[in-house]
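Reader: Hello! I have the model open and would like to go through its contacts and surface with you. Where shall we begin?

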Amino acid sequence: MGNFRKFPHSISSSRMANSVRNLPLLLLFSLLLVFQIATRIAAQERDELYKEHCDEFVPAANTVRNDLNRHFEETDALGFHQGSYEGGDSLFNSTAYPWDPPAKSVSFSVLSSQKTDKEGVVKITGSLKIRSRRFGVPVGGRGFHNGPYASSSSPSPFKRVHPPRIARMAEIFFIHAEGFWSKSSNRSCMVGSGIRYLSDGFPRVSNVSVRFFYPRARTILTSFFNVTVESLDKDNSFEPIFISAAYGGPYEYTRVADAQRVCKASKPDVVDANIDVLKGNSGVAVGDGYCFWGKLISSVELELNSGCNGSNCSPFNVSDPRLMPSSMSAPNLHCTAEGKVHGFFEFQSRSWNFPRMMLFGEGQWDAEKGQLCMVVCRVGDGERNVDEEDCGISISMQFPKTFTVVSRDLVVGHLQSEKNVSDPMYFKDLAFRGPAGMGGALGDLTDMQYNYTKLDKVKQLCSKNFEDKKMSSRKKPRRKYPDGDSFGDLGFDASVDGLGKGRGYASIRPLTIENKFDTVWHTNIVYSVSSNISSSLSPKISFSRPVNVSYDLQFWNQTFEANSSYEEIFSVSAEGVYDPQTGSLCMIGCRHVGSLVNNLDGNMDCEILIEVDYAPMNPEFFETEHLSGKIISLRKEKHSLYFKPMKLSSTHVYREQAEGSIWRKDLEIIMRLTSLSFTALFIIAQLLYVKKHSNSSPFVSLSMLTVLTLGHMIPLVLNFEAFFLKTKERANIFQSGGGWLEVNEVVVRVMTMVAFLLQLRLLQLAWIARLSAAGEKSAWFWEKKVLYLCLPLYLVGGLIACLAHWWGTQYPPSMHFLQRISQHSLWEDFRSYAGLVLDGFLLPQVLGNFFWDIKEAILVPYFYIGITLVRSVPHAYDAYRAIRYIPEYSNSYYYANPDWDFYSTAWDIVIPCGAFLLAFLVFLQQRFGGRCVVPQKFRDHLEYEKIPIVDG
């Protein structure tokens with residue numbers, strides 16, 4: 001009967017267990033069901049919105065379910081990367097960030113496309129992003145900018161800002177929408193949701209419709225399309241947004257004949273017969289139809305006509321000199337195999353808030369003449385389709401193949417107005433050129449040549465200087481300079497003294513070394529140079545003789561007026577001779593001083609002498625010998641082109657030094673981990689010895705153990721923040737390890753914690769043993785004597801360190817006897833002194849052994865000799881580091897850090913010798929008695945009284 005009563009209960013328990021076991025599956029099924037229902041409801045609502053707002057524009061269609069091709073190449077032309085817009089003012093707060101001027105931009109991308117049951121109708125899904133600021137400020141009020149709200153403590157020109165907590169609207173408006181595109185009408189309509197974040201961080205979603213009006217045929221006059229974004233909500237509405245952007249569909253050439261006429265009528269842009277230009281059709285089209293010229297026409301410099309005045313200086317009718325275009329680029333020129341070209345020319349101004357200025361046109365490449373001619377039209381700030389009155393502008397350009405000191409342009413050309421002088425849109429001829437050092441890339445299309453033309457003058461001016469440098473170098477042996485084959489080592493940035501008002505800077509980069517061009521800005525090119533040298537490319541050679549070189553020098557003078565800053569930039573081209581044995585560089589420089597209209601050479605001032613003395617590559621000379629130079633004018637002081645001498649200075653770091661610094665960090669991390677590991681092993685060895693020989697524990701100096709324990713505890717306390725936060729001081733120019741270095745720092749601190757806990761355990765055992773000891777002259781009595789002797793020594797040493805710090809601040813050169821890095825605060829010098837105390841950790845034990853007159857082993861050799869080695873090896877490494885690596889900031893050292901000990905040539909000898917002397921004394925005391933280190937007549941004749949250990 002009892003079993004019968006339990007049977008139903010067992011059945012219910014089994015069913016309950018099965019229900020609990022199936023609960024996760026039921027929950028997952030419920031979530032999937034809810035998600036599917038929600039998706040269907042959202043799709044139905046979207047379909048209803050499309051029928052209401054888009055069906056008349058582009059009729060809806062049903063997608064083909066068995067269609068596996070979910071993308072059509074035709075829909076790629078529907079997207080755009082950059083456009084402009086008007087409207088939608090309520091979405092964005094234009095007064096929220098007065099230091100960040102509005103810079104409206106918009107982009108659209110097609111995410112997917114799918115075939116439908118209607119011919120020529122494709123279903124598309126896309127993403128539209130509308131931005132109201134040049135720099136988007138993330139929600140939460142943090143960003144980067146150089147406005148008045150920037151933190152003054154940041155050294156970067158773009159500083160972290162904390163914008164005021166004001167009610168602001170979104171800075172970016174995201175729209176995700178679905179709809180249909182009709183190929184016959186070339187129109188598209190989509191509906192979806194737009195999201196923007198408010199100042200409180202909460203998103204606000206709006207239903208929107210997006211209509212695209214693409215042109216049926218893309219020509220020079222119809223290369224733009226319009227987009228309209230409208231709100232579909234009554235409560236959460238905003239003003240319509242009108243977008244204009246460039247269309248990427250197939251292009252129809254209609255003005256090629258006009259461009260050919262321009263080429264026939266125009267003169268060559270390169271007028272020097274000795275300068276070869278690129279010809280032929282071998283490199284007209286690259287990849288998917290982009291012209292390789294677009295890589296060359298990158299930030300080319302514009303030179304205004306000297307006879308222009310105000311609005312007739314540029315094609316854009318700009319009268320404000322601050323908004324006048326200063327450079328031009330054409331990154332997306334499209335070419336055909338027949339040499340037809342079309343694309344945009346974008347212009348930039350030196351002003352921060354310049355209007356958008358573009359030209360669009362088409363043309364023809366004249367392969368025989370080697371000239372590109374185009375007719376272009378002016379595009380307004382709103383990126384709208386142009387009218388005939390916006391046209392009437394021609395562009396011609398050529399691409400030189402030969403460089404000299406007075407002609408180093410990858411691109412040379414000019415813009416010309418074909419309108420009457422009385423026309424308000426007329427402008428005077430505008431020349432442009434693209435310097436070779438601007439960072440373009442030629443590909444593997446043609447040979448390039450460099451002709452050295454100023455070497456005779458360089459030898460005439462610099463021969464005596466070179467001989468003097470060679471005589472001086474014989475008196476200074478062991479100095480190594482760049483071998484004359486490294487572009488990276490010969491290029492440098494420098495500060496300039498005498499370059500007008502404000503701060504002067506210079507970027508100095510080699511262009512050619514003998515018969516080689518710098519591969520930083522040219523890749524996969526076959527070069528030749530005519531200067532009585534072989535034109536064949538040879539493998540890397542270390543030159544020991546003087547070599548011919550050419551350089552590009554860019555200068556800018558940064559001044560500050562009120563709350564704004566601007567830069568005045570000019571460039572100098574130079575060529576000359578570099579001597580790898582002495583590190584001396586001597587060149588003749590040329591600068592543009594006049595107009596460049598239709599003239600490659602222009603007006604050049606080549607009476608400039610440039611002399612540079614490179615710093616030795618030896619790390620031991622890094623702090624004492626720096627790169628220096630001077631730039632002087634060879635003209636008379638009364639000449640209009642004369643300028644005062646300028647001085648160059650730089651702490652240039654060579655590639656070998658930078659790579660060595662990175663390797664040094666890896667080595668120091670390994671050494672530090674090894675040092676901590678051996679420290680833990682040595683402490684474990686002493687713990688095992690104490691456990692086996694408990695009668696010796698009372699005579700281990702508590703002062704010594706306290707010093708060692710504090711030596712592990714203090715770094716943990718001071719660097720506790722590093723477990724969670726990365727301090728700003730860790731950043732430096734060679735900090736390339738990123739997160740890996742942070743992981744190593746955490747591992748080091750974990751190992752330090754392990755060593756600290758082991759040391760603390762050893763101190764605890766010694767303390768317990770001392771409490772258990774008994775006797776008339778107990779170890780406590782002698783421990784106090786040890787403390788009475790050590791504390792005054794430590795205090796006197798700290799006072800000496802304080803005086804040495806004060807002396808070093810008054811007379812900086814004298815500080816080098818105390819520290820290799822002299823720029824230390826008082827607190828940092830006290831930390832270094834604490835490291836010195838830790839180096840002499842055996843001093844209390846030596847004194848205790850003398851007072852106790854021990855006659856047995858108290859410390860195991862692994863402990864006192866091993867830790868002495870651990871404290872001494874960093875000093876040996878520091879001596880090696882001083883001659884092998886360049887000095888850096890102390891916080892970049894992971895081993896033998898000057899912040900934690902005294903490091904210099906003297907200390908690297910004195911400290912290890914003193915530490916091993918103490919270790920040797922401990923060895924003698926444990927072998928021959930604690931008082932064996934003093935003469936016999938001074939020894940105490942009292943016999944050693946062993947302190948008994950109290951059991952229980």
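This is a predicted model: local features need pLDDT of at least 70, side-chain atom pairs count only at pLDDT 80 or more; totals for chains, interfaces and linings use all residues.

Reader: Thanks! In which loop is N317 found?

Author: N317 has a positive phi of about 55 degrees although it is not a glycine. N317 is partly exposed at 39% relative accessibility, where buried means under 20% relative accessible area, exposed over 50% and partly exposed in between (1.4 Å probe, protein chains only). Its place is the loop between β11 and β12 (325–329).

Reader: Let's turn to charges. How many salt bridges does a search of the whole structure find?

Author: A salt bridge here is a side-chain nitrogen of Lys or Arg within 4 Å of a carboxyl oxygen of Asp or Glu. With that criterion, the number found by a search of the whole structure is 23.

Reader: How many residues apart in sequence are the parts that E301 and R433 tie together?

Author: The side chains of E301 and R433 form a salt bridge of 3.3 Å, N to O. E301 lies in strand β11 and R433 in strand β20 (residues 430–435), so the distance in sequence between the parts this pair ties together is 132 residues.

Reader: What is the relative accessible area of R433?

Author: The two partners can be taken in turn. E301 is partly exposed, with a relative accessible area of 26%. R433 is buried, because its relative accessible area is 5%.

Reader: Which residue's side chain does E303 meet in a polar contact?

Author: E303 is found in strand β11 (residues 300–303), and at 15% relative accessibility E303 counts as buried. A polar contact is a pair of N or O atoms within 3.5 Å; within protein, one must be able to donate a hydrogen and the other to accept it, and residues adjacent in sequence count only if both atoms are side-chain atoms. At 3.4 Å, the side chain of E303 makes such a contact with the side chain of R433.

Reader: In which helix is K469, the partner of D613?

Author: The side chains of D613 and K469 meet in a salt bridge of 2.6 Å, N to O. The pair links distant parts of the chain, 144 residues apart, with D613 in strand β29 (residues 604–613) and K469 in helix α4 (residues 455–475). D613 is partly exposed at 29% relative accessibility. K469 is partly exposed too, at 23%, and its helix is α4.

Reader: Which strand holds R509?

Author: D493 and R509 join their side chains in a salt bridge (3.0 Å, N to O). The pair ties together parts that are 16 residues apart in sequence, because D493 lies in strand β22 (residues 492–497) and R509 in strand β23 (residues 503–513). D493 is partly exposed at 43%. R509 is partly exposed at 36%, and its strand is β23.

Reader: What is the length of the polar contact between R255 and E388?

Author: R255 has its place in the loop between β10 (241–246) and α2 (256–265). R255 is buried, with a relative accessible area of 16%. Its side chain and that of E388 are joined by a polar contact of 2.4 Å.

Reader: One last item: how far apart in space are S832 and N897, C-alpha to C-alpha?

Author: S832 is found in helix α10 (residues 826–839), and at 0% relative accessibility S832 counts as buried. S832 and N897 are 65 residues apart in sequence, while their C-alpha to C-alpha distance in space is 9.2 Å.

Methods. Residues are numbered from 1 along each chain as its sequence is written. Side-chain values use heavy atoms; hydrogens and water are left out. Helices (H or I, at least four residues) and strands (E, at least two) are DSSP runs, numbered from the N terminus.
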